[in-house]
Every structure is written in C-alpha cells, then in structure tokens.
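My plan was to look things up one at a time and write down what I found.

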Amino acid sequence: MTGTQPSTPPTRPRPSPDEQSATYWQGLRNGRVLIQACTACGRRRFPPTPGCPYCADPGIRWEEASGIGTVYSFITVHRAFDPAFADDVPYDIATIDLDGGGRMVGRVTGATEIGGHVTPAFVDQGDWTELRFTTGDKP
Ligand SMILES: [Zn+2]
C-alpha cells in the first residue's frame with residue numbers, strides 16, 4: 001500500500017514560555033540554569049510557579065544554579081509517549097537534587113544511577129534551548 005507513511009517526521013513539542021517560565025527559558029538560552037526561590041522561606045522550586053508550594057508566599061527571587069546535582073530517582077522511557085521521540089527511546093528522565101538546593105526534572109544522557117553525579121548540558125533546539133543532565137558516562 002502506498003500513501004500510508006507520513007512524508008514529514010512528526011514535530012517535536014516545544015516550550016511555550018509564559019509569565020512564570022520566561023526567565024527560566026531565557027536563562028537556558030544564555031547557558032544559565034535559573035531557578036525560582038521563595039523570598040519568604042528561601043526554598044527553591046521547579047517548575048516556575050506564581051507562589052511558593054511550601055509556604056504559599058507569592059514572593060519570587062531568581063537564583064542561578066550550577067545545574068550540578070545528584071540523581072534522586074529516574075525512569076527509563078522505553079515507549080515514546082509522542083511519536084516525535086520514537087527514535088530516541090530508550091532514554092532516562094530523572095529527578096535531580098541540585099547542589100545548593102532545589103529539585104528539577106530532566107532528561108539524562110549517560111549511564112544513569114540513583115545517587116549518580118550529573119552536570120548540565122545545554123542542547124540547542126533551534127529557537128529554544130533544552131536543559132539536559134549528563135553523567136559524563138556513555139549510555
Ligand atoms: Zn516559601
């Protein structure tokens with residue numbers, strides 16, 4: 001049968017920065033990991049939100065994180081949720097405890113293990129930059 005195969009690859013989803021997340025995305029574009037911190041209790045949070053999930057204070061301060069951290073937990077994606085990522089599987093998504101405080105979620109390249117050390121990698125996706133974490137090991 002002909003005509004059943006798509007002629008173009010599926011389009012990958014891209015971020016839609018809003019009032020809360022625009023600073024984060026612009027930071028990545030400049031090779032910086034910017035994370036929100038609460039002006040009342042000081043705790044860092046991710047993803048960006050209009051209020052503190054710990055104490056409900058609306059105060060926001062942006063802090064630069066090194067992006068270096070430790071794998072708290074991770075999953076390995078074996079079946080892509082979106083056809084655009086079908087060629088990438090398997091890959092790891094981890095929760096990272098950042099040095100200096102805060103916890104982020106992101107894709108990890110390299111051999112992922114709980115307690116493993118990761119560093120940031122800024123992946124140019126054309127008109128936006130993706131933050132990944134790398135273990136420095138081969139996958
Ligand atoms: Zn707070």
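**Entry 1: the order of elements.** I read the elements from the N terminus, and they run α-β-β-β-β-β-β-β-β. That makes one helix and eight strands. I keep in mind that this is a predicted model.

**Entry 2: overall figures.** I looked up the extent next. The C-alpha atoms fill a box of roughly 65 × 35 × 25 Å along the principal axes. The chain has 139 residues, and 17% of them are buried. I also checked the contacts with a separation of 6 or more, and 50% of them join residues 24 or more positions apart.

**Entry 3: the open sheet.** I went to the strands. Which order do the three strands of the open sheet take? I read S2-S1-S3, with antiparallel pairing. The edge strands are S2 (44-45) and S3 (60-65), and each of them pairs on one side only. I followed the pairing of S1 with S3, where I found six bridges in the antiparallel sense.

**Entry 4: the loop between S2 and S3.** I stopped at two residues in this loop. Pro 47 has its place there. The peptide bond that leads from Phe 46 to Pro 47 is cis, and its omega is near 0°. Ala 56 sits in the loop between S2 and S3 as well. Ala 56 is not a glycine, yet its phi is positive, near 70°. Is Ala 56 buried or exposed? I noted 10 other C-beta atoms within 10 Å of Ala 56, so it is exposed. The cut-off for exposed is 12 or fewer.

**Entry 5: the barrel.** I then traced the barrel. Five strands close it, in the order S4-S5-S6-S8-S7, and the pairing is mixed. From one strand to the next, the twist averages 45°. For background, I wrote down that strands of a sheet pair through backbone hydrogen bonds, either parallel or antiparallel.

Entry 6: I took the pairs one by one.

- S4 (residues 69-77) and S5 (residues 91-98) are antiparallel, with eight bridges.
- S5 and S6 are antiparallel, with six bridges.
- S6 and S8 (residues 129-134) run parallel, joined by three bridges.
- S4 and S7 (residues 117-124) run antiparallel, joined by two bridges.

Val 77 stands opposite Tyr 91 in S5. Thr 70 stands opposite Asp 97 in S5, and in S7 the bridge partner of Thr 70 is His 117. Val 108 faces Phe 133 in S8.

**Entry 7: the loops beside S5.** The bond joins Val 89 and Pro 90, with omega about -5°. I moved on to the hairpin of S5 and S6. Four residues lie between its strands, and Gly 100 takes a positive phi near 90°. Gly 101 is in the loop between S5 and S6 (103-109). Why does Gly 101 count as partly exposed? I noted 15 C-beta neighbours inside 10 Å, so Gly 101 gets that label. A buried residue needs 20 or more, and an exposed one has 12 or fewer. I also checked Gly 101 against Ile 35. Along the chain they are 66 residues apart, and their C-alpha atoms are separated by 9.9 Å.

**Entry 8: the nonpolar core.** I listed the largest nonpolar core. It has 11 residues, among them Val 33, Ile 35, Ala 65, Ile 96, Met 104, Val 108 and Phe 133. Which elements give two or more residues to this core? They are S1 (33-38), S5 and S6. S5 gives the most, with three residues. For context, I noted that in soluble globular proteins, nonpolar side chains tend to be buried together.

**Entry 9: Ile 96.** Ile 96 stands opposite Met 104 in S6. Leaving aside residues up to four places away in sequence, Ile 96 touches several others, including Gly 69, Val 71, Tyr 72, Gly 106, Val 118 and Phe 133. Thr 70 and Arg 103 are also among the residues that Ile 96 touches.

Definitions and conventions. Residues numbered from 1 in each chain as written. Predicted model: local features only at pLDDT ≥ 70, side-chain atom pairs only at ≥ 80, totals over all residues. Pairing = 2+ DSSP bridges. Axes fitted to C-alpha atoms, helices over the stretch in contact; angles between N-to-C directions. Contact = placed C-beta atoms within 7 Å. Core = buried A, V, L, I, M, F, W, Y, C linked by C-beta atoms within 7 Å.
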